[in-house]
There are 2 protein chains.
Amino acid sequence: MPTQLETAMDTMIRTFHLYSSKEGDRFKLSKGELKLLLQQELMEFLSCQKDPQLVDKIMQDLDANKDNKVDFNEFVVMVAALTVACNDYFVEQLKKKGN
Amino acid sequence: MPTQLETAMDTMIRTFHLYSSKEGDRFKLSKGELKLLLQQELMEFLSCQKDPQLVDKIMQDLDANKDNKVDFNEFVVMVAALTVACNDYFVEQLKKKGN
């Protein structure tokens with residue numbers, strides 16, 4: 001039986017491949033595939049973010065390699081950055097409550 | 001309703017705090033807490049890894065800051081690195097099968 005954390009890691013892998021295999025290089029996300037993934041898989045989570053420019057900033061950062069493609073490594077870095085941002089918000093709220 | 005990817009991100013946050021709150025600084029993992037987390041939450045997933053030294057290498061890397069504590073940022077980087085390693089293995093197997 002995998003643990004919840006193992007299932008979470010498996011979900012990252014499966015989600016990436018679900019979208020990367022839609023068109024072109026099946027092991028990389030095109031800009032269209034990335035946009036679809038963000039819209040369909042991350043919109044609710046992103047809404048807990050206070051920075052409304054966050055998604056735009058991510059898109060810009062990921063464009064830096066200039067090939068208009070996002071590999072799994074870059075995708076995981078993006079998910080990690082979003083998770084750290086949400087954790088910062090969560091910890092801030094906890095500290096405000098004096099817990 | 002959160003998506004599976006959002007649930008995965010939430011799981012990373014909850015898992016970290018479950019262990020970091022056990023003793024001392026509640027927002028950082030002590031070495032003991034990190035070891036417990038690896039043993040209880042990641043052993044099955046790590047077993048898909050071909051490198052038997054991986055956990056030792058991670059521990060060594062995380063010790064680099066010399067305070068014997070792992071913050072959430074460092075934890076997420078570790079989970080990301082493990083996920084990339086497992087994805088590499090998964091893709092390699094797929095390519096071997098000629099899929």
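Colleague: Why does Glu92(A) count as partly exposed?

Modeller: Keep in mind that this is a predicted model. Glu92(A) has 33% relative accessibility. Buried needs under 20% and exposed needs over 50%, so Glu92(A) lands in between and counts as partly exposed.

Colleague: And what makes Lys96(A) exposed?

Modeller: Its value is 64% relative accessibility. The cut-off is over 50%, so Lys96(A) counts as exposed.

Colleague: How do you know that the side chains of Lys96(A) and Glu92(A) meet in a salt bridge?

Modeller: Their N to O distance is 3.8 Å. A side-chain nitrogen of Lys has to be within 4 Å of a carboxyl oxygen of Glu, so the pair passes as a salt bridge. Both residues sit in helix H5 of chain A, 4 residues apart, which is about one turn of the helix. In chain B, Lys96(B) and Glu92(B) also meet in a salt bridge, again at 3.8 Å, N to O.

Colleague: Why is Arg14(B) with Asp10(B) called a salt bridge?

Modeller: The closest N and O atoms of Arg14(B) and Asp10(B) are 2.7 Å apart. The limit is within 4 Å, so this pair qualifies too. They are separated by about one helical turn, because they lie 4 residues apart in helix H1 of chain B. Arg14(B) counts as exposed at 58% relative accessibility, while Asp10(B), at 28%, counts as partly exposed. Over all chains, the count comes to 4 salt bridges.

Colleague: How many salt bridges does the rule find across the interface of chain A and chain B?

Modeller: It finds 0 there. There are 4 residue pairs in polar contact between the two chains, though. The area buried between chain A and chain B is about 3300 Å², and carbon and sulfur atoms give 74% of that. Leu5(A), Glu6(A) and Met9(A) supply 19% of the area that chain A buries against chain B, more than any other three residues.

Colleague: Over to the rings. By this rule, how many aromatic pairs are there over all chains?

Modeller: The count is 6. One of them is Phe16(A) with Phe72(A).

Colleague: Why is the pair Phe16(A) and Phe72(A) called edge-to-face?

Modeller: The ring centres are 5.2 Å apart and the planes are at 85°. Centres within 6.5 Å make a pair, and planes over 60 degrees apart count as edge-to-face, so that is the label here. The pair links distant parts of the chain, with Phe16(A) in helix H1 and Phe72(A) in helix H5, 56 residues apart.

Colleague: What makes Phe72(A) and Phe75(A) a tilted pair?

Modeller: Their planes are at 45°, with the centres 6.0 Å apart. Ring pairs link Phe16(A), Phe72(A) and Phe75(A) into a cluster. Phe16(A) and Phe72(A) are buried, and so is Phe75(A).

Terms used. Residues are numbered from 1 along each chain as its sequence is written. Chains are lettered from A and ligands numbered from 1 in the order in which they are written. This is a predicted model: local features need pLDDT of at least 70, side-chain atom pairs count only at pLDDT 80 or more; totals for chains, interfaces and linings use all residues. Side-chain values use heavy atoms; hydrogens and water are left out. Rings of Phe, Tyr and Trp (its six-membered ring) pair if their centres lie within 6.5 Å; planes under 30 degrees apart count as stacked, over 60 as edge-to-face and the rest as tilted. Helices (H or I, at least four residues) and strands (E, at least two) are DSSP runs, numbered from the N terminus. Buried means under 20% relative accessible area, exposed over 50%, partly exposed in between (1.4 Å probe, protein chains only). Buried area is the accessible area (1.4 Å probe) that two parts lose on being put together, summed over both. A polar contact is a pair of N or O atoms within 3.5 Å; within protein, one must be able to donate a hydrogen and the other to accept it, and residues adjacent in sequence count only if both atoms are side-chain atoms.
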